[in-house]
Structure formats: C-alpha cells, structure tokens
Amino acid sequence: MEKEKVITAKDLTKRFGDFTAVDKITFDVTKGEIFGFIGANGAGKTTAMRMLCGLSLPTSGEATVAGFDVYKQNEQIKKNIGYMSQRFSLYEDLTIRENIRFYAGIYGLADELIKEKTALLLKQLHMEGQENTLVRAMPLGWRQKLAFSIAIVHDPAIVFLDEPTGGVDPITRREFWGLIYEASEKGITIFVTTHYMDEAEYCNRVSIMVDGRIDALDSPANLMTQYASASMDGVFLQLARKAVRTGD
Amino acid sequence: MKQFLIFVKKEWLHIWRDRRTLFILLFMPVIQIVLYGFALTNEVKNSKVAIFDQSKDEATTVISNEIAASRYFNLVKNVYSYKDIEATFRKGEIRMAIVFPAGFRYDLLHSNHAQIQLIADASDPNTANTLTNYASSIINDYQQTLHPTEDLPYTIKTQVRMLYNPELKGAYNFVPGVMALVLMLVCAMMTSIAIVKEKEMGTMEVILVSPLRPFRIIIAKTIPYLLVSMLNITSILLLSVYALDVPIVGNLWLLIAESILFTITSLSVGILISNSAKTQQTAMFTSMMSLFLPTLLFAGFMFPIENMPIPLQIISNIVPAKWYFIIVKDVMIKGLGFTAVWKETLILISMTAALLGISIYKFKIRLA
C-alpha cells in the first residue's frame with residue numbers, strides 16, 4: 001500500500017539550550033489520515049507541532065509538510081495547512097460572517113469563493129440566518145465547531161489541531177469528531193494533539209510522546225493489544241510512568 | 001496586498017465595535033484642549049483682591065480704579081483694618097491685598113516718597129509673584145502719568161517685547177504639549193493593547209500560522225490607529241486655531257508631516273511594548289508608566305527642562321515627545337522652517353528606526 005505521504009519527519013529534534021524538547025522523532029502521516037499526538041504536558045507535543053507548522057525551526061533532523069521542506073519552504077507550508085488551538089481562535093467582537101471572511105481572506109481566497117464557502121459552512125453547522133451574530137454570543141461548543149470549520153475553509157492539505165476540545169462537554173466533543181471525520185473523508189489530513197484518551201481511540205494512528213521521544217506509534221487497536229490493555233488510558237499510563245520530566 | 005487590506009479592515013472592525021473606546025479616543029484630545037485652555041490655565045486672570053485704603057484721596061482712587069479695571073484683577077472687597085485683611089485671606093476670599101497708608105497723596109507730592117504695600121498669598125508662589133508684578137506695573141503706569149512731559153536726564157527705559165506670543169497666552173505652550181501627549185497615548189497605548197489582545201486571545205498563533213508575514217500583521221494592526229491619530233491632530237489644530245486663537249504660523253504641511261513622523265515613533269513604542277507584555281493590563285500599565293508620565297514630565301510643556309538637575313535633563317533626551325514638542329513649537333508657534341528642526345526630525349527618525357529594529361529582532365527570536 002503506497003499511500004501518499006503528506007508529513008514526513010526523520011530524527012526531528014529541537015533543543016532550547018541544554019534542554020531537548022523534541023528528541024529525534026521519526027514518523028510519516030498519509031493523506032486523509034487522522035493522526036493522534038498524545039503525551040503528558042511538557043512531553044514536547046506542542047514544540048513538535050510548531051516545527052511542522054513553520055512557527056519554529058528544528059535544531060536538526062528532516063521534515064516535510066505537504067511536500068515542502070520545513071527549513072526552507074515554510075511560506076509554502078503555511079499556505080497548505082490549517083491550524084486551530086485549544087484557545088479560541090475566533091474574534092469574539094466580530095460576527096460569524098466577519099470571522100469567516102477574515103480567515104478566508106488572509107489565505108487569499110477570492111471574494112466569490114468566500115461567499116460560497118460562507119453559505120456552505122453555515123449550512124453544514126446549521127447556523128443559517130445567524131451569520132451576523134457576534135461570536136461572543138455563541139455557546140462554547142458552537143464556537144469550537146465554527147473554529148474548526150474556519151480552520152479548513154481554505155481546503156488545506158493538513159489541519160493541525162492543538163487540543164481542540166479542551167473544556168468542551170462530551171456530546172459536543174462527539175459532534176466535533178463528526179466534523180473531523182467529514183474533513184478526513186474529503187482528503188484533509190488531520191494532525192491532532194489531545195489529552196483525552198477516548199479521543200485517541202477515534203484516531204487512525206496514535207503516537208505517544210514521552211520526554212520528547214515517540215515511545216509508541218500504531219493504531220489504537222494494535223497498541224491496546226501490544227500493551228495488553230483494554231483502553232488507550234492503560235496504554236498511556238504504562239508509557240507515561242517512565243517519564244523523567246514532569247509536566248509544567 | 002489584498003490580505004493586508006482584509007487585515008486592516010478587521011482591525012477597523014475591532015475599533016468600531018468598541019464604540020466607547022473609540023469615543024474616548026476621539027474626544028480625549030478635545031476634552032484636554034478645553035480643560036487646559038479654559039480651566040487649568042496657569043495664566044492669572046480675574047484674581048480676587050481687596051483694598052485697604054487709609055488715605056482715600058485722589059491718587060489712591062485712581063490707582064484703585066485702574067486695578068479694578070484690569071483684566072488680571074477683580075476687586076471684591078474694601079477692608080478697613082489689617083485684622084480684616086488677615087481674616088479675608090484666611091477665608092480664601094482674596095489672593096492679594098493692596099494697602100495704601102494714610103496721607104498717600106500728600107506724601108507723594110510733598111516728600112516725593114509714598115509707599116504702597118502689596119500682600120499676596122504666597123502659598124502658590126508663582127501666582128503671588130505674577131500678581132505683585134502686575135500690580136506694580138499698574139502703579140508704575142500711574143507714576144508715569146504724574147510726570148508726562150518731564151523726562152529725567154538719566155533714565156533707562158526697558159522695552160520688553162514678547163516674541164511669538166505677545167499676549168503671553170498659556171495655550172501657545174500647551175497646545176504642542178497636548179498634541180504630543182495625545183498622539184503618544186493613542187498610538188503607543190492602543191496599539192500595544194491591540195497586539196497583546198491577540199496574544200491573550202490566542203488568535204495571534206492562528207494568524208502566525210497563516211501565510212501573512214509576521215511584520216505585515218503588526219503594520220496592519222497599527223494602520224487604523226494611525227488614522228485615528230490623524231483625526232486627533234486635525235481636531236486639536238482646529239480647536240487651537242478657532243477656539244483658542246493659537247495660529248499656525250509656520251507651514252501646515254511641514255507640521256502635519258512631522259506629526260505623522262511622531263505618530264510612527266509612538267506606534268513603534270507601542271509595538272515594542274506589546275513584544276514584551278503578556279496581558280493587556282501589563283501593556284496598559286507599561287504604557288502609562290513608561291509613556292504618559294515621562295511625556296508629561298519631560299516633554300517640557302509642564303516643567304522647564306533647563307531647570308531640572310543634569311541627570312534628569314539627560315533622561316529627558318530619550319523621551320520622543322520632547323523632540324516633537326520642540327518641533328511643534330518651532331513650526332507652529334514660531335513659524336520656523338525645516339532648516340530649524342532638521343536635527344530634532346533626525347533624532348525622531350533614528351529613534352523610530354531603532355525601536356522598529358529592536359521589535360523585528362525580538363519578533364524573529366520569538367518565532368525561531
């Protein structure tokens with residue numbers, strides 16, 4: 001099975017002075033895959049993600065994102081990825097329409113296309129007629145779903161989600177994952193970090209980071225068999241116990 | 001470029017949605033001009049005085065009338081004893097008392113020496129000084145009228161000409177000051193808050209991941225505030241010309257160009273503050289402490305810099321407002337051209353370049 005690889009990382013390392021935040025991680029992500037990135041606080045997840053997003057230069061190792069080199073081509077990388085963080089990435093004092101317009105606009109989408117996308121997006125989220133509502137007035141779960149839809153409004157090859165469901169109730173979380181599956185079916189690759197082990201089980205493959213290294217990488221089912229555990233929770237605990245670093 | 005404009009538009013929406021802040025931004029200069037122009041003036045006008053006239057002759061009546069007619073004084077009371085004077089001062093009814101001794105005119109005409117006592121409330125030393133000076137000059141004028149034709153052989157007459165501001169209006173000094181203060185405040189404080197707000201909300205990260213180049217983001221954020229500042233300059237200049245009668249003697253375009261330069265300096269200060277501040281509150285307090293107070297103290301419009309101790313004089317040089325204040329005074333009030341202010345202009349340009357340079361450098365470090 002020779003599936004197209006959209007992210008490749010080989011011995012990717014990031015050091016801050018004496019501290020090795022990310023220690024020679026190697027992995028591939030294929031097109032349309034939902035790739036989970038799991039680890040305790042301070043394990044290096046965010047640093048790894050920042051390197052792949054072009055926000056931070058690696059100290060050593062190689063990586064390509066959407067076919068572009070993270071050292072030299074981070075401008076091209078930025079055009080081909082979407083990003084959503086645990087904190088709100090929406091402007092609360094702007095309306096839904098203005099938020100969509102802004103984010104679609106900074107990715108250079110044409111006005112016509114933005115209009116089309118806005119209509120489509122509102123329909124998908126069942127928010128028709130509410131385009132002039134201020135984001136501030138929306139319930140938390142809706143904002144999160146809107147934020148995700150906006151993160152992929154420019155049809156990126158990959159979307160990076162940094163703990164996207166923090167502070168959201170389980171039902172909304174499930175709905176949120178519905179959106180993720182839809183996006184994945186459209187061929188968008190999902191790279192997601194999470195704390196929630198039930199979410200890890202939704203992923204196609206999961207990598208578990210401990211002290212800056214990837215200690216395990218496989219499908220959730222395989223990992224559970226390998227570590228003889230009934231849930232991802234058990235797998236994670238076995239691995240995380242070995243951690244030397246403590247969370248921040 | 002289109003992306004850039006979309007960003008500017010979004011930034012404008014932020015300002016527009018926050019009407020209360022916008023209102024404050026636009027009316028703060030108006031209020032300051034009105035306050036400094038009419039209420040907080042350090043000119044001495046209509047000061048209340050009392051007269052203790054123990055002579056009641058022709059001469060004291062003329063002098064008293066002159067005093068009462070002067071726009072500096074407002075004769076509120078005639079008192080009849082020293083005790084009375086003290087009581088009136090204590091009640092705060094007057095700022096100065098004028099005492100004519102008994103037989104004032106007689107002494108003046110017969111012994112050529114007459115005395116008048118001026119008693120002033122020196123708890124405010126500057127005002128007391130000014131008041132006694134005004135009163136002395138009115139009395140001197142009277143003395144001149146006594147010998148209109150007679151010229152003494154050896155007299156030195158001083159002719160005083162007040163250049164640039166013949167009426168000694170305080171507005172000539174504080175209009176440039178308010179311009180410096182308002183621009184510094186609007187540009188530096190508001191931009192630093194606006195940038196830090198994006199960091200605090202987490203939207204900065206998302207924008208940084210987008211194809212927009214980091215420094216364009218910062219520039220885009222400052223543009224709406226540049227426009228607000230232009231409005232402020234306009235309203236201050238209109239008010240000063242039409243409400244306070246402070247004319248723009250020099251070249252208007254030079255004045256505007258220099259103001260834009262100072263606006264950009266202030267914006268750079270704001271960007272630098274936003275680089276190190278993590279929360280909007282920090283940004284606000286940093287701006288207040290590092291800009292508002294130094295601008296007030298060291299721009300030179302409240303306290304003369306020449307009178308400060310040497311270390312403070314040196315410190316005042318790093319306050320951009322000081323240079324802008326000099327430029328505005330030179331161009332607007334004295335009517336001087338670019339040749340007179342090129343040094344100050346160069347200083348502002350170098351400060352701006354340095355501030356932006358440091359900001360770009362720090363920005364890059366943060367991204368690496």
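Biologist: What share of the 248 residues in chain A is buried, and what makes a residue count as buried?

Modeller: Buried residues make up 44% of chain A in this predicted model. A residue is called buried if 20 or more other C-beta atoms lie within 10 Å of its own.

Biologist: Why is chain A called as compact as a globular protein of its length?

Modeller: Its radius of gyration is 18 Å, and the globule rule gives 18 Å for 248 residues, so chain A is as compact as a globular protein of that length. The C-alpha atoms of chain A fill a box of roughly 50 × 40 × 40 Å along the principal axes. Chain A has 9 helices and 10 strands.

Biologist: What makes Val159(A) a contact partner of Ile190(A)?

Modeller: Two residues are in contact if their C-beta atoms lie within 7 Å. Val159(A) touches Ile190(A), and also Ile81(A), Gly82(A), Ala151(A), Ile152(A), Ala183(A) and Ile188(A), leaving out residues up to four places away in sequence.

Biologist: Which residues touch the most other members of the largest nonpolar core?

Modeller: They are Leu52(A), Ile81(A), Val159(A), Phe160(A) and Ile190(A), in a core of 137 residues. Helix H7 of chain B, residues 171–201, gives this core its largest share, 21 residues. A second, separate core has 18 residues, among them Val44(B), Ala50(B), Val79(B) and Met96(B).

Biologist: How is chain B divided into domains?

Modeller: Domain 1 takes 2–40 + 169–367, and domain 2 takes 47–146. The C-alpha centres of these two domains of chain B lie 48 Å apart.

Conventions
Residues numbered from 1 in each chain as written. Chains lettered and ligands numbered in written order. Predicted model: local features only at pLDDT ≥ 70, side-chain atom pairs only at ≥ 80, totals over all residues. Core = buried A, V, L, I, M, F, W, Y, C linked by C-beta atoms within 7 Å. Buried ≥ 20, exposed ≤ 12 C-beta atoms within 10 Å, placed from the backbone. Helix = DSSP H or I, 4+ residues; strand = E, 2+ residues; numbered from the N terminus. Domains from an automatic or database assignment. Rg over C-alpha atoms; globule rule 2.2 N^0.38 Å.
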